[in-house]
Structure formats: C-alpha cells, structure tokens
Amino acid sequence: MFNFTCIPAVEKSRTIKLRPNTTVQLMHWMLYVSVATVSFDIFLVVNIGFNFRISQLVLIPVMLYVALTRLTSKHTVVPVGFCYLLVWSTFILLFVPNTSLPVRSAGYVFWLLFNIATIFIFVQLFRTAQRINQLIRYYIYSFSFVATFGLAQFILPLFGLEAPLVEQWWIPGMLARINGFSYEPSYFATYLTIGWVMVASLHKDKATIIAKRSLFNIYLLLTVAMILSSSRMGWLVMILWYLQFPVQFLFKLFCSGIDRRLLGKTLLLIVICVICYIFVSVVGIDAIKFLIEGLGILGGSSHSSSTRINELLDTLTVFAESPFIGYSLGGVSSAIGALRGVHITDLETAKGHEGMNVFAEVLAASGIIGGLVFAAYVALLFYLPIKFVRKSADSVFRPLVKALVISLGFELLILQFNQNILRPYLWMHIAVLCCTYAVAQSYHKSQVPA
C-alpha cells in the first residue's frame, strides 16, 4: 500500500558545508527577496496575532546571522542618526502602558524594533560599492515588478479575464483601480512614490546604475502605473515633481538667460496640459468627475478631505491634552477614541480611530521631547546625505544618494496625509539610504588626499 524508499546516510566527506562567503551571499539574496516583496500586504501574509509579511519573515534569519557574527565586531557600522532613533524608540516603549489597549502598543513597539533592526542589518551587509550598486538595481527592479503586476490588474479585465488581488473598481468587473499587492490604490501609490521619484531623479541626473534606455523604460512603466492607480496623492506627487522644471526655467531666465533643456521640458508640460484640457472639454466634466470624487471640487463632495482634516485635528488635540506623556504609537487610536467618547478594547475598533498624519501621530505617541528627538533623527537623514551630495563630485554615488534622499522627502510628504509611520517600505527605503550613504561616505574619504 505504501512504498517506502530507504535513503542512505550521507557520507561525512560528502557533507556540504556553507563557506562564510556563501553564507553572506545567501543573506544578500534574502535581503533582495525582502526588498522585492516589501509592498506585499494582501499576498503571502501569515497571521499569528499580527500579520507577518513574507518580506519580514525572510529578514528574521538575516537578523539572527548579523546578531551572531557582526553585532560585537570591531567593524560594526553605525547607521546615520542611529542613536537618536534608539532614544526615540525608548520613549515609545516607556509610554506603552498609557492606553486602554496595551497589547496593541506592545505590538507596535515590536514592529518599530524590527524596522530598526532592518536598518542595522542592511548597513552591516552592504559595505562595498559593488554590493550597493547591485542592491540599488534590484531595488529599482522591485518597483518595476510591482508596477507590472498592477498594470496586469488593469489590463486583464478589459479582455474579460480575472484580475488577481483587485480590491476596488471604477466599473465592477471591467475597469479596475490597480492596487498591486497593497490594501488599496492609495497604499499602492504611496509605495510606488518612492520608486517613481527615485527613478525620475536618476534619469534626470543621467545616472549609470542602469542602462539609459532601460532606466527610461522603467520610468515610463512606473508613470503609467502611478496614473492608473487613480490615487490623488500619487498624482499630486507627480505634479510637484514636474513643477520644478518651469520654476527652474523662469528662475534661470531672469538670472542668466534661456536654458534650452529646461525650455524643452517646460514646453512639453504645456503641451500635456493643453491635451488634457482638450480631452476634458470633449469628454465632459461629468464623465470624469468620479476620478476626483471626495476632493470637494467640480461640485463633488468633500468627504475624503474633510475626514482627513478632522482626524488630523483630533490627533493634535490628544497631543495637546498630554504634551509630555505620549500614548505610544499603538495607543494614539485609543486616545482619539476616548476623545470621541469611544472606549477602545479591541483591535478592530482601534483601526477606526487612527491619526491621519504620521508626524502628528509621532508627536502624540512620543510627547514633545520624544517628538523633538524623532525630528532630529529625520533631520540627520536629510542633512548628512545632502551635505555629501553638495561636497562630492563622485559620478556614481552622488546621483544615488541624491535620488534616495529626494524620494524619501516625497514619501514623507505623502505620508502627511496617511497614518502609521511603521510602514515596512518606508523603513526599507531608509535602510537602503543608510547603507548607500555609509559606503559613499567611506569611498569619498578614501579618495580625498590626506
């Protein structure tokens, strides 16, 4: 009935042992997998009280490896502003009991420490120019992969095929609002903002990390995905990015004359705006009003914007009621709930009372002193890399560091209209920035004559 096959014992001489360099390569590949899957919110997720994403699960053995081999090493690299980050996390830990739902706050502390560990292991394992170049390439490809999947979600229903993982529709079963592997289109655009701005910056600076044609194709792919996501915040990011060209053109026009390159880009933007205006005039406002529903313009309701404003005001109110003793990251919703007359005792109820601005949320969670420490950390994340960009003439690292910093700035901007500072892809990006800056700074110092 059953067929058992006897497997002979492996001879000792034939036992395969991982050499140190092979183990390190395996750790790198695990990190690449984590980078590629960091936006997975509704796919390959394990629920054990909290949702563990595949990107987080593959990081666990890497964290153990670094803890066993690198933690006490004399060559341990300290990430940018790491001391400030640890001090801020201490405030978040101390305020865990200040909530009606401490288990939620404890869970948020766990994820914060997990994100901090992610930054640390990236900085320890990516310490050469070759490794950084490979990491950045895989990082860019990961955004392309997610954007391609999102486009498939949009295209397949048009041909009567089933679209995987679609959460929202413009026209049910026919016209999808693409969300990739995220909860909804806005989360998809929030994630994709990082890659789109980064690739746009690299393309603008003619970076050589990827072939010029390939980089342009990726830029177009991400642009189409951002547009079709129908996320208004994603569109705002794109508008702000493109506005730099006419602003720079006018500035140079009055200071030093006509810049032909900026003139060409400005004229292209004008042509695009004219085409959009003609399209709206032909199709009619009523036909596209659903795209901007909730903004309170063109006669539409303003439920989306007014909700965000009210949630921001509530977050600032609970901070004002306790400016020095915070509520920890997981306790802000309980404080907002109490403000609204709701006693929160379960996770589902807590989700309905989140703050809607990550900086206001951090302020309410850590108090004014902890908030200042966090602000110092964020300031260092920008100041030191920007200082490097201004001083360095390196043609390889300079555009990489610049692109990572600019994309972080745009991501933090879009998160001012969202909740939860602990989004994995934000901290993954910070990790990539920190290890790139560390290697760039080390390489720069080695090139400067003593």
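**Surface patches and a hairpin in a predicted model**

Biologist: Which residues gather in a patch of positive charge on the surface?

Modeller: The structure is a predicted model. On its surface, a patch of positive charge is formed by Lys206, Lys212, Arg213 and Arg261.

Biologist: Does Arg213 count as buried or exposed, and in which helix is its place?

Modeller: Exposed means over 50% relative accessible area. Arg213 has 58% relative accessibility, so Arg213 counts as exposed. The place of Arg213 is in residues 212–228, which make up helix α8.

Biologist: Which helix gives the most to the nonpolar patch?

Modeller: The nonpolar patch on the surface consists of Leu236, Ile239, Leu240, Leu243, Val247, Leu413 and Phe417, and together they have about 560 Å² of accessible area. Five residues of the patch come from the helix that spans residues 232–255, and this largest contributor is helix α9.

Biologist: In which sense do strands β3 and β4 pair, and what is the bridge partner of Gln168?

Modeller: Strand β3 covers residues 168–171 and strand β4 covers residues 175–177; over three bridges, they pair in the antiparallel sense. Within β4, the bridge partner of Gln168 is Arg177.

Biologist: Which residue in the turn of the hairpin has a positive phi?

Modeller: β3 and β4 form a hairpin, with three residues between them. In the turn, a positive phi of about 75° belongs to Gly173.

Definitions and conventions:
Residues numbered from 1 in each chain as written. Predicted model: local features only at pLDDT ≥ 70, side-chain atom pairs only at ≥ 80, totals over all residues. Heavy atoms only, no water. Patch = residues over 30% accessible without salt bridge, like charges linked within 9 Å, V, L, I, M, F, W, Y side chains within 5 Å. Areas by Shrake-Rupley, 256 points an atom, 1.4 Å probe, with all protein chains shown as cover. Salt bridge = Lys/Arg side-chain N within 4 Å of Asp/Glu carboxyl O. Lys, Arg positive; Asp, Glu negative; His and termini not counted. Charge placed at Lys NZ, Arg CZ, Asp CG, Glu CD. Helix = DSSP H or I, 4+ residues; strand = E, 2+ residues; numbered from the N terminus. Buried < 20%, exposed > 50% of the residue type's maximum accessible area, 1.4 Å probe, protein only. Pairing = 2+ DSSP bridges.
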